[in-house]
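Please open the structure in a viewer and keep the sequence at hand.

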Amino acid sequence: MLRVGPSSGEIRNMSGEDIFSSRLKLLIIMAKAYLTGFPIGKYRKQAIIENSRYVFYHSLQLVNKIAFFKDQDLKVQAGIAFTDDMHEEHIFYQRTQLLAVMVKALAEGRLKGHFREKALKENLNRICEAFIFNFNVKDVKFLKVA
Amino acid sequence: MSQINITNVKIAVIDSDLLVRDFVSTVLMYCVNRDVLSFDNGMAAWRYLEGADSPDIIISEVDVSGLNGFELLAKFKEKHPAKKCLLMSANPDDEQLARDSGADAFLAKPVSVTDLFRVEAFVV
């Protein structure tokens, strides 16, 4: 029997945070596979669009949640300081939102041109740095065929 | 490990948690570039699985209503012994039970993208 996943001491139900983080990793893999020149295919395209939508709306919720605390009056009322960490998080989720838009556009064949691709690479690198996620798509054989 | 031809592969995901079910389905759809069926309970899944056009691989959460993952595994393997049944669970005690029940794989939760990519090992 094949066994995958965390060790028995770390088994638990999946939270919304687990799902978002896993979907963001999938989005990064999808973008990297595209940039490597791997084929997309009909259902892979559908999966890319579905995943982009999820990451976009979830990131939007997180951006709005952080922006709520950024409001000066609310900050004073609630006694919550808008910290540097929150600022970095705010930027991070805006970047993930942008990545979702870019990846959806590439699946739909709308991410054309050198500078758009350059912007995708830069955004991807910034997200991977902050998220500490390193994945080599060339190691995944099945991505090479559609 | 015996494998199934990718050109014909059909996969079904059974989990009552919509977020998990959609996530697993999206990853697998991306993996195999084929449509993936999904069901929110064991009974609805079984009604489809017992038909002739049954999927080649099913991935079921153990704790689902209707028929639980172990019941579904037993029925599916009885009807389609050559097909693959993978069980997912958030309960560590289910791992040994899955092994004893003849599951082809045990996916411990929380499952990651790379864990799900390993399901491809069942596909040529």
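In which sense do strand β4 (residues 84-89) of chain B and β5(B) pair, and over how many bridges? Select both strands in this predicted model: they pair in the parallel sense, and four bridges link them. Within this pair, B:M88 stands opposite B:L107 in β5(B).

**Across to chain A**

Now extend the selection to the six strands of the open sheet, which follow the order β1(A)-β5(B)-β4(B)-β3(B)-β1(B)-β2(B) with parallel pairing. The edges are held by β1 of chain A and β2 (36-39) of chain B; each has a single partner strand, so one side of each is left without a neighbour in the sheet. From one strand to the next, the twist averages 15°.

**A helix over the sheet**

Select helix α2 (residues 42-49) of chain B next. This helix lies across β1 (11-14), β2 and β3 (57-61) of chain B, and runs at about 160° to β1(B).

**Chain B as a whole**

Along the principal axes, its C-alpha atoms fill a box of roughly 35 × 30 × 25 Å. Of the 124 residues in chain B, 52% are buried. Among contacts in chain B with a separation of 6 or more, 62% are between residues 24 or more positions apart.

**The contact between the chains**

Show both chains again and select the residues at their contact: 30 residues come from chain A and 34 residues from chain B. On the side of chain B that touches chain A, α1 (18-32), α4 (94-101), β5 (105-108) and α5 (113-117) each supply at least two residues. The most comes from α1(B), with eight residues. By class, this side of chain B has 21 nonpolar, nine charged and four polar residues.

**Confidence**

Finally, colour chain B by pLDDT. The mean for chain B is 92, and 94% of its residues reach 70 or more. For the complex, the predictor gives an ipTM of 0.90 and a pTM of 0.90.

Note on methods
Residues are numbered from 1 along each chain as its sequence is written. Chains are lettered from A and ligands numbered from 1 in the order in which they are written. This is a predicted model: local features need pLDDT of at least 70, side-chain atom pairs count only at pLDDT 80 or more; totals for chains, interfaces and linings use all residues. Two residues are in contact if their C-beta atoms, placed from the backbone, lie within 7 Å. Ala, Val, Leu, Ile, Met, Phe, Trp, Tyr, Cys and Pro count as nonpolar, Asp, Glu, Lys and Arg as charged, and the others, Gly among them, as polar. pLDDT is the predictor's confidence in each residue, from 0 to 100. Two strands pair if DSSP finds at least two bridges between them. Axes are lines fitted to C-alpha atoms, for helices over the stretch in contact, and angles run from 0 to 180 degrees between N-to-C directions. A residue is buried if 20 or more other C-beta atoms lie within 10 Å of its own, exposed if 12 or fewer, and partly exposed in between; C-beta atoms are placed from the backbone.
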